[in-house]
Protein chains: 2
Amino acid sequence: MANAPRAVRKLTELRSEVALWRKAGERVALVPTMGALHEGHLSLVRLAHTRADRVVASIFVNPAQFAPTEDFDKYPRTWESDLAALASVSCDLVWAPTKAEMYPDGFATRVAPAGAAEGLETQFRPHFFGGVATVVCKLFLQCQPDVAIFGEKDYQQLQVITQMVRDLDIPVEVIGAPTVREADGLAMSSRNAYLSAAERATAVLISQTIREVAGKVGKGEDGAAATAAGIRALTAAGYRVDYLEVCGAADLKPIAGTVHGPARVLVAAWLGKTRLIDNVAVEEAGR
Amino acid sequence: MANAPRAVRKLTELRSEVALWRKAGERVALVPTMGALHEGHLSLVRLAHTRADRVVASIFVNPAQFAPTEDFDKYPRTWESDLAALASVSCDLVWAPTKAEMYPDGFATRVAPAGAAEGLETQFRPHFFGGVATVVCKLFLQCQPDVAIFGEKDYQQLQVITQMVRDLDIPVEVIGAPTVREADGLAMSSRNAYLSAAERATAVLISQTIREVAGKVGKGEDGAAATAAGIRALTAAGYRVDYLEVCGAADLKPIAGTVHGPARVLVAAWLGKTRLIDNVAVEEAGR
């Protein structure tokens, strides 16, 4: 088995390690995670290796992006198996700051995203992207990578971060990586661990439904009609749907009628006490 | 006369110039300004030369830090004399982005400061430090200097930027430079150009008053009593006082009673249509 990558908890340690690589002329990639790693995360590390000489994975369960009612406390923490998984994909360094290192006493500055952060998740998790943008901005400035890899699974997050990087001129290239799915199509997620066996069986419907919606609107069907049918199907199967929308692929503005140009179908829905999200590109027929 | 420094308006030009210096192992300093340069700004460039091999001055009148009622349109713009002044202090490069380069269509992300940004200026210019923090964050990430110099004249701004850099882990050292004053003690400011001759004569009172307050509280006098006397003196001379406060030197929290530890006296007051600010350290007697 491969050796576990070195894990550092102090910013000074991270910076001195990265500085050595820079001095040697090496390119650095960052893969931000909250741990509880699965095959989706590992695919990001593999992609990172194709874009840089060194790959840093960060593991930090960011309290600032959880509401008090959300699952911060029960979010899965699997440090030993995360390290083993990162070793298996030759990750060079694990950046695992403590909460006190990330948010020392007196911490007060926030990054407030807008544009792509409006609508969708923000309707249901109003403080979520503020917490994400702030911590990702910090991670970028702590590590100063040439490139950073995020999964398309969290598609709105990817667009929010892309916009933040552009707006604030953060010198990093943000790359989205395709969602990794289970054999039945369920998008891999650390939160899938919350699903009961019965819920897991039903969970296949979420990716099926968005693929159906994407297929319909790709053939020119009205977006509102297609999403309404999708919401009906999910609700009938026992889901509580937060949203199911067709949006512009970059600005994430809702598209009500016929799709023209790049678009995405995005969904968030509850299965029992577990909230699942997923999304898929609209492939336009006849293009 | 020294040659005018090269002035660039595109981020790609700034970055390629700075990259050449970095490749040669040179340290880079940034002096952010809004132009209308005076001796105070030039002192910042001179200080910058002692801390870096190359000095970039930015000139950008930032619309995001002016309220609609404020003086954005009439803020003095003196490009030719600014370039000549920067040549006289051997500035290496002028970063003068257009508004469209700084805030392209779709720009939406903001940096929201807190902590040092609370109170004082924020009571009267509630959006000011949001605009300042956002543009200074961008300037830092555009130029990526090793060190950045700001005048203590804008003391709360200096603390807000210091806190932002610490909170967001921006890899730059922020240095405050002493306020440069006219012979009679008036702090140099681009806005002094707005003063009539009669106002200019009265303007001496503002620095006199804060030095008196600082002297009193330094000797152990109650801060509230000393500032009340100062406000009475300024008001009697025709000023409209926004604030005159004794605050902690780093956190800028108001100090009502006796001063213990580093403290600062800060004032903002109107003389006719011109708003002047100034501040001075409290030198504690018997320390």
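## Placing Ile161(A)

Which helix of chain A holds Ile161(A)? The residue belongs to H7, which covers residues 155–168. The model is predicted.

Is Ile161(A) buried or exposed? Ile161(A) is buried, because 27 other C-beta atoms lie within 10 Å and the cut-off for burial is 20 or more.

## Contacts of Ile161(A)

Ile161(A) touches Val136(A), Phe150(A) and Val174(A). Residues up to four places away in sequence are left out of that list. Val174(A) can also be placed by distance. Val174(A) and Ile161(A) are 13 residues apart in sequence. In space, their C-alpha atoms are 7.8 Å apart.

## Helix H1 and what follows

Helix H1 of chain A runs over residues 11–23, 13 residues in total. How far apart are the end C-alpha atoms of this helix? They are 18 Å apart.

Gly25(A) follows H1(A). The phi of Gly25(A) is positive, near 80 degrees.

## How the two chains relate

The interface can be compared between the copies. Of the interface residues of chain A, 100% are also interface residues in chain B. The copies therefore meet through the same surface.

Notes:
Residues are numbered from 1 along each chain as its sequence is written. Chains are lettered from A and ligands numbered from 1 in the order in which they are written. This is a predicted model: local features need pLDDT of at least 70, side-chain atom pairs count only at pLDDT 80 or more; totals for chains, interfaces and linings use all residues. Two residues are in contact if their C-beta atoms, placed from the backbone, lie within 7 Å. Helices (H or I, at least four residues) and strands (E, at least two) are DSSP runs, numbered from the N terminus. A residue is buried if 20 or more other C-beta atoms lie within 10 Å of its own, exposed if 12 or fewer, and partly exposed in between; C-beta atoms are placed from the backbone. The expected span of a helix is 1.5 Å times one less than its number of residues.
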